[in-house]
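Visitor: I would like to learn how to read the packing in a model like this one. Could we start with a helix and what covers it?

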Amino acid sequence: MPTITIDGREIEAAEGRTILQALDDAGLLMNGVDVPHYCWHPKLSIDGSCRLCQVEVEGIPKLQIACDTPVRDGMVVHTQNERVKEAREGVMELLLINHPLDCPICDQAGECKLQDYSFDFGVKESRSKEPRRALKKNVDLGPTIVFDQERCILCRRCVRFCREIPKTGELSIFNRGDHSVIETFPGTPLDNDYSMNVSDICPVGALTTKDFRFKIRVWFLEDVPGICTGCSNGCNIHLGVANNKVYRYLPRRNDAVNDTWICDAGRMSYSEIAAPNRLRECEVRNDSGQLEPVGLDRAIEVAADRLRRLIEAKGAGVIAGLASAHASNEDLFTFKRFLAALGSETFGVAVVRGKADDLLIKAEKASNATGAREIGFGDARTVVDRITSGAVDAVIALGHDVLQEGLLDNEEPLANLDTVILLDTQASEMQRVANVIVPVRHAAEKLGNFVNEARRVQRAVPAVESNWEAYSDGEVIAKLGAALGLEGFDGSYDARQVARDLAAAIPAFAGIDLDSVGDEGRVLAGSAASGTER
Ligand code: SF4
Ligand code: SF4
Ligand code: FES
């Protein structure tokens, strides 16, 4: 491996990498070694157009752009000397000649690279006396993105993204010289499954999402690391939180899972957290068939009474468990232990399926189908078969996936059961047939691990608190187990302890708990892949 010296610091670089890539690989870029850059992006091809990343390489008379200069053994690079600083200031001054002074009303303010680099590497005053270039504002590029042509610094990241990642190529540079502008091709709006990523990679406030713009200044947001639960890829995200509310999902870089991207559907799935259809109170069905609100203790008591009566009359074999692939490992392991202690052998997981591609989007539309299977939940089809054949009298369902997935055309077969106990986050047709309903926490509201399709265990931490009484599925099941007097259940639930119990009980999870999994995740034991899964 070539060894290079940057500002007196020796680093090893992989053969064929450029100076900027070597710094990025070493985790030093803008994190110990400041080489400002606009057009370079770690997951896009090299453009070399902005000229901001110039550095001095000993033995080469002219300054070189770090993004497109390959390393060679013994190379000595200076990133902070006077020549380099002067060149940077020149580039910054050039970029700012036409940039509008929009910062107070620009949504990018607070996370704008032009703003940041101007403070850190620019000059304090403009020498230009010419009027700024007037271009189009508020250009509607498609269903998700609005474009401000005046703010664009022509780094071409958005153009390369569309060509190289979704490969849809809607954007291009039109005209020449200082008439150059970004536009969509006529009749081709920016409309692909990953379109909103252009807003993340635009270094300035030229491309903003219609969803987030003008909602909140970004400096009020706290970034909480988490995972998207929209499909089994488990893309890593930051949840932008303020005032106990999630305002947006942004991609969080994880080269083994989602690089620096997320799909638009996953990005927008944050709206489920505070959706009007969230279940907000426990309910039990009274003697006249009406649902009436109760506290959790009463809901548990009614559920336990109904199950106890059935067990005494017919045995636990008539009770079935429908797990949700949206529940965490800890929820699911608690549910599995509960069903075993009860003596039920009829259980499975329903997984909703949908569109997939060869980039990120997976067919399984839930974050933990793999975890559910590893923990021992088979296909929910066997449960449905036993329900429709009359062999089951009671179902405990985590979520209503069984209806969405199409295993049951409608909730009617469940209406014939003696007891349906439903733990769910969102309203559904299943409420119509449930005897007991308990609202549970969304993944953004609880601590738990999830296993993605490539068998990587990833952690979600509570980013917000629900504004009503809600528990994780595991907590509710633990209370139900205690109410039934099941062995091993005293009503308490500690997700960290459950994760350790899971690691001790199932070999694939050995050594993986809620702390050791970290923010990057860890692959289950016995997986073919141990690092890069895609
Ligand atoms: S719109 Fe943004 S990403 Fe696209 S070229 Fe302009 S500055 Fe770069
Ligand atoms: S690909 Fe899947 S996990 Fe990733 S952002 Fe989209 S829905 Fe979420
Ligand atoms: S980042 Fe190197 S030229 Fe733009």
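Guide: The buried residues of α13 are covered by elements that include α7 (296–314), α8 (329–342), β19 (394–398), β20 (419–424) and β21 (436–439). Contact here means heavy atoms within 4.5 Å. Helices (H or I, at least four residues) and strands (E, at least two) are DSSP runs, numbered from the N terminus. This is a predicted model, in which local features need pLDDT of at least 70 and side-chain atom pairs count only at pLDDT 80 or more, while totals for chains, interfaces and linings use all residues. Residues are numbered from 1 along each chain as its sequence is written, chains are lettered from A and ligands numbered from 1 in the order in which they are written, and side-chain values use heavy atoms, with hydrogens and water left out.

Visitor: Which residues of helix α13 are buried?

Guide: An α-helix has 3.6 residues a turn, so residues three or four places apart point the same way. Buried means under 20% relative accessible area, exposed over 50%, and partly exposed in between (1.4 Å probe, protein chains only). In α13 (residues 473–483) the buried residues are Asp473, Gly474, Val476, Ile477, Ala478, Leu480 and Gly481. After α13 comes glycine 485, with a positive phi near 70°.

Visitor: How is a pair of packed helices read, and at what angle do α2 and α3 pack?

Guide: Two packed helices are described by the angle between their axes and the distance between the axes. Axes are lines fitted to C-alpha atoms, for helices over the stretch in contact, and angles run from 0 to 180 degrees between N-to-C directions. Helix α2 (residues 82–97) packs on helix α3 (residues 113–121) at about 140°, with the axes 10 Å apart. That makes α2 oblique to α3; angles under 35 degrees count as roughly parallel, over 145 as roughly antiparallel, 65 to 115 as roughly perpendicular and the rest as oblique.

Visitor: Which residues make the contact between α2 and α3?

Guide: Arg88, Glu89, Met92, Leu95 and Leu96 of α2 meet Leu114, Tyr117, Ser118 and Phe121 of α3. The charged end of arginine 88 also sits over the ring of phenylalanine 121, 5.4 Å from the ring centre. For this, NZ of Lys or CZ of Arg must be within 6 Å of the ring centre and within 35 degrees of the ring normal. Arginine 280 lies over the face of tryptophan 468, at 4.4 Å from the ring centre.

Visitor: How many aromatic pairs are there?

Guide: Rings of Phe, Tyr and Trp (its six-membered ring) pair if their centres lie within 6.5 Å; planes under 30 degrees apart count as stacked, over 60 as edge-to-face and the rest as tilted. By this rule there are 10 aromatic pairs. One of them joins phenylalanine 174 and phenylalanine 185, edge-to-face, at 5.4 Å centre to centre with 70° between the planes. Ring pairs also link Phe335, Phe338, Phe347, Phe377 and Phe489 into a cluster.

Visitor: Is valine 241 buried or exposed?

Guide: Valine 241, in strand β12 (residues 236–242), is buried, with a relative accessible area of 6%. Valine 241 touches Phe220, Leu221, Glu222, Val224, Val246, Ala463 and Val464, leaving aside residues up to four places away in sequence.

Visitor: What does the secondary structure of the whole protein come to?

Guide: The protein has 14 helices and 24 strands. Of its 534 residues, 57% are buried.
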